Amino acid sequence: MRLINRHPGIVLRAALVALPFVALFIAYALGSQARLAVNPSDKLMPAPSKIAETAVRLLTEPDRRSEKILFWYDTWASLVRLTLGVGISAVLAVILGLLIGLLPYVRATLAGFVAVVSMIPPLAVLPILFIVFGLGELSKVVLIIVGILPFLIRDLSARVLEIPREMIVKAETLGASSWVIALRVALPQLMPRLIQAVRLSLGPAWLFLIAAEAIASEQGLGYRIFLVRRFLAMDVILTYVIWITLLAFVMDMILRGISRRFFPWTEASL
Amino acid sequence: MSFVTATNIFQSYGRRPILERVNLSVEEGEFVSIVGASGCGKSTFLRLLLAQETPTRGEIRIDGAEPAREPGLDRGVVFQRYSVFPHLSVLENVVAGESFRRPWGRFIGAEKRAARDRAMQVLARCGLEHMAAAYPAALSGGMQQRLAIGQALAAKPRILLLDEPFGALDPGTRLQMHDFLMDLRAETGMTVFMVTHDLEEGFKLGDRVLVFDKPRWDLTDPDIIGATITYDFDARDGGIPFQTIKEDTHVFRPN
């Protein structure tokens, strides 16, 4: 039997899913053990038990000076920024994507412009954002928007253009105005694709968030990581990295769930 | 005065003529089949009838009205594919036939209930009552086309345009669709234009069969000449409209 036709059973499949995670953990544990054996005060690869200890401390014990549990405080600050940035981008992208995809006049005006703007490296304009919007929350949210909005607009307008011409013509013969076509034909078909696009842009969004927090901030997950870097506190950094990964993964799962729950018509036929 | 008139239609894309000198007049209630080889301009002519494109020269009028510049309520259409909205349930698809002309594209309250009742009647007529809540993706090809026809008729168009509507269906389903369409037409008396590449289908369903082809063939540059209507058959009574055979002739005649 060919390899392409062989499928693992349920148990083996679960084992295979777990395999790379377990392998990574074991490799880290062995490396850490080897380094600690040579130098017990090594800070680069703290033992897994040490990381777990640190994680418990970070999650439960308040900071002595500010009386706050900084971990949750950071998480909240970062999530607010991320949600605002991604949410505003998504809303703008849907509106502009529909306009560019449906209206030839807007397409002629904006499509080329968006294509050029999307080539600007967002981090290169970060200093401008700090100068214009100050060091507060606004500049971080704007960086996320600058970073992912052009991609979202290009993706969504392309999706609108992919709607078969026949379907638009059919709506026209039913007497639909441009507005009704946008609202009742294009928008509903765009929503599942929006979720797809947002899922894809979550990675870059986190990147820009952490970059902005690393450079100028007073709280946030990225800020904390770059702060404790000075003390080589690998246990704290790794805890935060694992937490960020988990958050990103859960967000992705939620978006996928929304897509399945609310857009049942996208499921394959029969 | 005939219902649909096409006068001296020319259509070219760039410098390449597709149609030339097409003249046609159709009475209200006629079923016109349009046949021809691939690339002979029959689909182009349907798009002109639909007002999806405007002809380079000439004009098409329905009931003497000004030539349309874009598709509208007076023209209903069913394409080979993509004729129903995948994000609306079967029932909502039919309701859309009435509600899309509204400013917000939807009905509310009592109007909505009334529209739903009417839509259920349309669905019953199309044999899709049991699928009202399903999405089109769950329908077979024949059911989707029945839905598309029901949806187009719910908007009460003046003429119905069919672009190879049964082209993607299997032969058995296609025969069922023929019966469905003929019954529906007998009820509504709708003026229908149907593009098909199936001659038998064209003759079976149509009152008239138009053949699109190039009238001349330029050997040095075949593309220089556009297509026109080269034959206009009267297809009533199985193609023998003016004589009724009384006796049983034992000659095989497909109906």
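## A tour of chain B

Start by selecting chain B and colouring by burial: buried residues make up 48% of its 255 residues, where buried means under 20% relative accessible area, exposed over 50%, and partly exposed in between (1.4 Å probe, protein chains only). A word on conventions: this is a predicted model, in which local features need pLDDT of at least 70 and side-chain atom pairs count only at pLDDT 80 or more, while totals for chains, interfaces and linings use all residues. Residues are numbered from 1 along each chain as its sequence is written, chains are lettered from A and ligands numbered from 1 in the order in which they are written, and side-chain values use heavy atoms, leaving out hydrogens and water.

**Whole chain.** Switch to cartoon view and you will find seven helices and nine strands in chain B; these are DSSP runs (helices H or I, at least four residues; strands E, at least two), numbered from the N terminus. The radius of gyration of chain B is 20 Å, close to the 18 Å from the globule rule for 255 residues, so chain B is as compact as a globular protein of that length. That radius is taken over C-alpha atoms, and the rule is 2.2 Å times the number of residues to the power 0.38. Draw a box along the principal axes and the C-alpha atoms of chain B fill roughly 60 × 55 × 35 Å.

**Helix 2.** Next, select residues 90–99 of chain B. Why is helix 2 described as largely enclosed by the rest of the structure? Nine of its ten residues are buried, so the rest of the structure largely encloses it. Among the buried ones are B:Val90, B:Leu91, B:Asn93 and B:Glu98. Now show the neighbours: the buried residues of helix 2 pack against helix 3 (109–126) and helix 4 (141–154) of chain B, together with helix 8 (178–215) of chain A. Contact here means heavy atoms within 4.5 Å.

Move on to residues 191–195 of chain B, where five of the five residues are buried. On one side of strand 7 sit B:Thr191, B:Phe193 and B:Val195, on the other B:Val192 and B:Met194, and both faces are covered.
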